[in-house]
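Good morning, and thank you for coming.

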Amino acid sequence: MTGALRVLEHHLIVYRRTWKGSLFTSFVSPILFLAAMGFGLGSLISRGPLRTVDGLTYVAFIAPGLLAATAMQSAYVETTYPIMVRIQWERTYEGMLATPIRILEVLVGEFGWLVFRLALGSVAFFLVMLLFGTVHSGLAVLAILVAVLTGLAFAAPIFAWTATRRTDLSFALIGRFLITPLFLLGGVFFPIHQLPQLVQGIAWLTPLAHGVALARSLSVGVLTPAAALHLAVLLVYAAVGIGAARITLQRRLVT
Amino acid sequence: MATSPDGPGALIHARGLSKRFDQLVAVDAIDFDVERGEAFGFLGPNGAGKTSTMRMIGCVSTPSGGTLRVLGMDPVADGPRIRARLGVVPQSDTLDTELLVEENLFTYARYFGIARDLARRRAWQLLDFVQLKDRAHDRVEFLSGGMKRRLTIARALVNEPELLLLDEPTTGLDPQARHLVWDRLYRLKQQGVTIVLTTHYMDEAEQLCDRLVVMDKARIVAFGSPRSLIDQYSSREVLELRFPIDATPPLDQLDGLAERIEALPDRTLLYTDDGEATAVEVHRRGLRPESTLVRRSTLEDVFLRLTGRSLIE
């Protein structure tokens, strides 16, 4: 598996040049969201008849959800175009496979890199949450791991899909019909139980709803048995996705 | 067909090697052996099966049938071990545009597990070898086509390979860039590196290859040294005649002037041992072509003879 480390090293060499901009963005996005939605919209809610959502201030309600949803979005961005570039447009993987590196090592290196990026983004997000005073439990730190896992639960199947594509046509569709609707309806901005029954059912089939629910319960420090189910769903998506990616990438590159 | 006494002891040994993609037969039961230290070529038009063969040798494509041994090992079972000793120059450059020129070599050396300081030193040696030292800290996308090709060749050398595979090393390069690449490949050969290349340029095959196979439609149609192929399948010289565009070449009046006559869309080729004498005879028969050219026979003529078609259409 040393090959996986070499793949990771390649990314780190690139990152050495780009880390400042990338880290800066990781802080800006949560600050904007928590300020605009949390405080802007949140101040309306606090003055309204409800005052709180599920017993939480609005900003404390959405912060853990946004943490998980941000990981989902990064995962989507990182596993569509950049992977297409490496498979087909610049054939970076073909270059790697002309060395002793094996497909599985390429995959482990790529997912390792992705986990690293998701972790950095999630830690940055968590620091912003601390800054906004939305963290109410020591368990909340575990929400970082949940966010990374949520990202992986999307990254793995999307990677597997990308490895089967010859064009980028479907990438925008994934964004429009999967990522954006989930972002809006996956329990980040309001509780899922407010949705029509059918939509609720659909939402619970996706990893995001589970990632959001789990991150939120960790953030407030109240764990129910449902947490185990949430964790299981995320793990299954990630594991099945990685297995599928191994097959599709192998088929694509070794003909 | 292309066997040698060493047979299975060769650096590459193929018998009945085949590759099928669904209905398409890309490589149809070919036999060849590549010996240590030689430059071996696959000459043929696009779609002849050259790249499919190279990919199987490079362990990134599984043979559909036959035997293939590379460096004495099985490419399917021992892919990583074989690739550790190969250098691969693919048909289209796979340089990493996220990395700078020198970083491309350094990172690639790391893929082979070469220690950092050695990787760094080798990167600089190779930049020197392909004359790109002054571009070391440039972005890859700002290099010319010829420079990218040289960088790709340098990258294929980071692990000091025993066997260098080049898939159309100079396609798309201008003449000057091609000669620079040829010169570097010639030096590598002198250093003892075994070279296997594909090309659809006859002059490239003549310049670089000790032995070659001519491929057409997934099969090997001829095998030998460039000289022996020309001797066997062509005449010493070729007289090229061009007639006015709309006029049909007067083939009946050329009858008996040459060992063989080939009428191409734009010119008529007369295969003969003495081109000048044949040209005189053409004029003596009262024919007035727009232009005449006497030249040496080339592998292009061999290919035309074998397949009835040009290498580059």
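Let us begin with a pair of residues: V238(B) has Y271(B) in β12(B) as its bridge partner. Please keep in mind that this is a predicted model.

Y271(B) also has a residue opposite it in another strand, namely R260(B). Consider the two neighbouring strands in turn. Strand β10, residues 237-242 of chain B, pairs with β12(B) in the antiparallel sense, over five bridges. Strand β11, residues 260-263 of chain B, is likewise antiparallel to β12(B), and here the pairing has four bridges. How many residues lie between β11(B) and β12(B) in their hairpin? There are four.

Is β12(B) covered or open? Strand β12, residues 268-272 of chain B, is mostly covered, with five of its five residues buried. In a regular strand, side chains alternate between the two faces of the sheet. In β12(B), T268(B), L270(B) and T272(B) lie on one side, L269(B) and Y271(B) on the other, and all are buried.

How far may we trust chain B? Its mean pLDDT is 91, and 96% of its residues reach 70 or more. Over residues 1-5 of chain B, however, the pLDDT is below 50. Where pLDDT is low, the predicted coordinates should not be read in detail. For the complex, the predictor gives an ipTM of 0.90 and a pTM of 0.90.

Finally, chain A: it has ten helices and zero strands.

Terms used:
Residues numbered from 1 in each chain as written. Chains lettered and ligands numbered in written order. Predicted model: local features only at pLDDT ≥ 70, side-chain atom pairs only at ≥ 80, totals over all residues. pLDDT = per-residue confidence, 0-100. Contact = placed C-beta atoms within 7 Å. Buried ≥ 20, exposed ≤ 12 C-beta atoms within 10 Å, placed from the backbone. Pairing = 2+ DSSP bridges.
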